[in-house]
Amino acid sequence: MKIKIHNVICVVYEVVFLSQASAQYHDFIQGVVVHKKVWTLKDDGGFPTSTNLNGETVLPFWSLESKVVKINKNVHAYREFQPYEIKLDDFINKWITGLEEDGLYVGVNWSGKKATGYDVKPNELLEHITYELEKY
């Protein structure tokens with residue numbers, strides 16, 4: 001799946017305590033497994049990406065609509081975008097493959113005024129989501 005994206009002029013700062021990033025990641029996994037949805041942002045030009053300090057291109061996702069709405073409201077670079085809902089099955093079966101093929105990382109539950117958080121390879125995220133789904 002080819003995803004139309006454009007790079008937002010915003011660098012993801014990785015000056016986040018590991019415990020906070022770990023908590024955001026765990027919260028993301030639990031949230032998407034329970035609610036069966038994943039959220040991102042979109043405008044007419046596509047989906048926003050950022051480049052982290054390691055030079056990796058990252059597409060952000062959130063586990064709850066309220067989290068993406070907060071980022072949309074509080075982070076200037078994302079104000080022109082709208083929340084976009086993805087069914088978990090579509091995320092697993094279409095998006096993960098597309099993100100992996102495009103060499104993109106997944107930003108999970110970024111928060112704060114600079115939208116910071118944990119970035120993970122799509123297939124690693126898939127392994128964790130699948131593991132949690134097997135528990136239910």
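Biologist: This is a predicted model. Which helix gives the most to the lining of the largest pocket?

Modeller: Helix 2, with four residues. Helix 1 (18–35) and strand 6 (105–111) each supply at least two residues of that lining as well.

Biologist: What makes a residue such as Lys67 part of the lining of the largest pocket?

Modeller: A lining residue has an atom within 4 Å of a pocket point. Lys67 is listed in the lining, so it meets that cut-off. The list also includes Lys70, Ile71 and Asn74. Gln24, Asp27 and Trp110 are among the others. The pocket holds about 180 Å³ of space.

Biologist: How do the residues of that lining divide into nonpolar, polar and charged?

Modeller: Two are nonpolar, five polar and four charged. Ile71 and Trp110 are in the lining, and Ile and Trp count as nonpolar.

Biologist: What share of the chain counts as buried, and why is it called that?

Modeller: Of 136 residues, 43% count as buried. The word means under 20% relative accessible area, so that share of residues falls below the cut-off. The accessible surface of the chain is about 7,500 Å², with 52% belonging to carbon and sulfur atoms.

Biologist: How many helices and strands are there?

Modeller: Four helices and seven strands. Their order along the sequence is β-α-β-β-β-α-β-α-β-β-α.

Biologist: What share of contacts between residues at least 6 apart joins residues at least 24 apart?

Modeller: The share is 75%. Contact means heavy atoms within 4.5 Å, so each counted pair meets that limit.

How values were computed. Residues numbered from 1 in each chain as written. Predicted model: local features only at pLDDT ≥ 70, side-chain atom pairs only at ≥ 80, totals over all residues. Heavy atoms only, no water. 1 Å grid on protein atoms, 1.4 Å probe; cavity = no way out; pocket = protein on both sides within 12 Å on 5 of 7 lines; lining within 4 Å. Points joined across faces, edges and corners; volume = space filled by probe spheres on them. Buried < 20%, exposed > 50% of the residue type's maximum accessible area, 1.4 Å probe, protein only. Areas by Shrake-Rupley, 256 points an atom, 1.4 Å probe, with all protein chains shown as cover.
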